[in-house]
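Thanks for coming, everyone. I'd like to talk you through the disulfides in this one, and then a pair of helices.

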Amino acid sequence: MVMFVKSCDLGHADGCQYAGNAFEQGRGVAMSRPRALELLERACDLFAGPACVQVAGYYEQGWATPANKAFMFHERACRGNFRGRQVVSCLKLANAYEKGE
């Protein structure tokens, strides 16, 4: 785990995402949603689209506030310069726009 956190600290999105997932699921470390969110947000900032979708889920589930931040992370996942667009986020945005949200 230390290697993935160090990788994240050095600016590698995959290390941030892997470490975030480990903290989210308590794999090899004590489960910590706040720490997972921190690492996944960093991964999103480093253009890991799937991490942006995960972060949006945190806000949607009420594990982080304010809830309206989920929209921002879905937008980043759908529109950003990521390794491929994240279809789940694009669909959620389309539904929100259709509902006038």
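So, the S-S bond of cysteine 8 and cysteine 16 has a torsion of about 95 degrees, so that disulfide is right-handed. The sulfur atoms of cysteine 8 and cysteine 16 sit 2.0 Å apart, and a disulfide here is a pair of cysteine sulfur atoms within 2.5 Å. Cysteine 8 is buried at 2% relative accessible area, and cysteine 16 is buried at 0%; buried means under 20%, with a 1.4 Å probe and protein chains only.

Keep in mind that this is a predicted model, where local features need pLDDT of at least 70, side-chain atom pairs count only at pLDDT 80 or more, and totals for chains, interfaces and linings use all residues. Residues are numbered from 1 along each chain as its sequence is written, and side-chain values use heavy atoms, leaving out hydrogens and water.

How many disulfides does the count come to? It comes to 3. Another one joins cysteine 44 to cysteine 52, S to S 1.9 Å, and both cysteine 44 and cysteine 52 are buried at 0%.

Then there's cysteine 78 with cysteine 90, at 2.1 Å S to S. The torsion about their S-S bond is about 110 degrees, so this disulfide is right-handed. Cysteine 78 lies in helix α5 and cysteine 90 in helix α6, 12 residues apart; helices are DSSP runs of H or I, at least four residues, numbered from the N terminus.

In sequence order, the bonded cysteines pair 1-2, 3-4, 5-6.

Definitions and conventions: Buried < 20%, exposed > 50% of the residue type's maximum accessible area, 1.4 Å probe, protein only. Helix = DSSP H or I, 4+ residues; strand = E, 2+ residues; numbered from the N terminus.
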